[in-house]
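Here's a quick walk through one model, starting at a ligand site and ending with the overall layout. Have the viewer open as you read.

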Amino acid sequence: MIISIASGKGGTGKTLVATSLAISLRNEEKVQLLDCDVEEPDSHLFLKPAITVSEPVCIPVPKVDYARCTFCGECARVCAYKAIAVVPGSVLIFDQLCHGCGACSYLCPEKAISEEGREMGVVESGRSGNIEFVQGRLIVGEAMAVPVIRRVKQKINRNRTALLDVSPGTSCPVVNAVEDSDYCLLVTEPTPFGLHDLKLAVETVRKLGIPCGVVINRAVDGETLVNDYCGREGISVWLEIPLDREIARLYSNGITLAEGSPGWQAAFIDVYKRIKGVVNGIK
Ligand code: SF4
Ligand code: SF4
């Protein structure tokens, strides 16, 4: 089973939930945690894995052989991402815009374009006790997170329960990380901003056809904005984590909830079992 842990906005406690789930389940299930928040992976701060493998992520970018090039402009015309411009005597390639699709080299009539790898990130793998751990890191300044996310997802171990810590928001990297999940757990906070972004996230996962449930973090007595919305939409609220100074203190010290306050482990295991029930019911 693949469970992605996502949120419509940053700072809601998505990593707190993902790492707490992993720690709570580690003696119940074979677990793998994959940090797909490649622009800012932080699950490692809580799981403190020993990284044993580090693999670069490269995309193929074009390289022009000027001995063959006739400056016909075909490569610029076929590039959907405007990553090539042909001017008299030169073919300008904008590496940061190139998606490595290969169209230019394939369609160059003179076969003047070859490809060379450009490193844009790294995928690191290791273990934290009996939890398998994988994370992607995008090189600072790189614009495209998706190739790194795809490489992280290639490491999904189908013999384990895979927990995907997804980047916040509803943009392309989120869609790429969440798609193919069996279930998406959306973490939110009970504020108007949290609700606004939760609605966007729900809309996104519904378009992907993925069932979802909600964890409310920093829950406050009497604040029912999110619960009311979820009730109207038929979305289960699986867990509410209170706004609590001790939880915040643990978190700021790199100690996730399930580890610093083991009483919570039963609650996370229960969330997992409920999700499993939903997924098995669908399959
Ligand atoms: S398509 Fe090939 S020949 Fe034409 S401008 Fe581009 S590199 Fe040169
Ligand atoms: S590989 Fe694709 S995206 Fe990159 S320059 Fe060529 S056509 Fe454009």
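Let's start with ligand 2: the shell around it divides into 10 nonpolar residues, 3 polar ones and no charged ones. That shell counts 13 residues, and the closest are C79, A83, C98, C101 and C104. Keep in mind that this is a predicted model.

**Strand β9**

Now over to strand β9, residues 183–188. Is β9 largely enclosed or left open by the rest of the structure? Enclosed: 6 of its 6 residues are buried, so the rest of the structure largely wraps it up. In a regular strand, side chains alternate between the two faces of the sheet. For β9, both faces are covered: Y183, L185 and V187 sit buried on one side, while C184, L186 and T188 are buried on the other.

Which strands does β9 pair with? One partner is β1 (residues 2–6), which runs parallel to β9 and is joined to it by 4 bridges. Within that pairing, I3 has Y183 as its bridge partner. Another partner is β10 (residues 212–219), also parallel, with 5 bridges to β9. There, T188 stands opposite I216. To get from β9 to β10, the chain passes through helix α7 (residues 192–207), and this β-α-β crossover is right-handed.

A couple of backbone angles are worth a click. D180 and R218 each have a positive phi without being a glycine. D180 is in the loop between α6 (172–178) and β9, whereas R218 lies within strand β10 itself. Here they are side by side:

| Residue | Phi | C-beta neighbours inside 10 Å | Class |
|---|---|---|---|
| D180 | about 80° | 13 | partly exposed |
| R218 | about 60° | 20 | buried |

Why do the classes come out that way? A residue counts as buried if 20 or more other C-beta atoms lie within 10 Å of its own, and as exposed if 12 or fewer do. With 20 neighbours, R218 therefore counts as buried, while D180, with 13, counts as partly exposed.

**Domains**

Where they touch, 5 residues of domain 1 are in contact with 4 residues of domain 2. What classes of residue make up the side of domain 1 that touches domain 2? That side has 5 nonpolar residues, with no polar and no charged ones.

Terms used:
Residues numbered from 1 in each chain as written. Chains lettered and ligands numbered in written order. Predicted model: local features only at pLDDT ≥ 70, side-chain atom pairs only at ≥ 80, totals over all residues. Near = placed C-beta within 6 Å. Nonpolar A, V, L, I, M, F, W, Y, C, P; charged D, E, K, R; others polar. Helix = DSSP H or I, 4+ residues; strand = E, 2+ residues; numbered from the N terminus. Pairing = 2+ DSSP bridges. Right-handed = clockwise from strand over helix to strand, strands pointing away. Contact = placed C-beta atoms within 7 Å.
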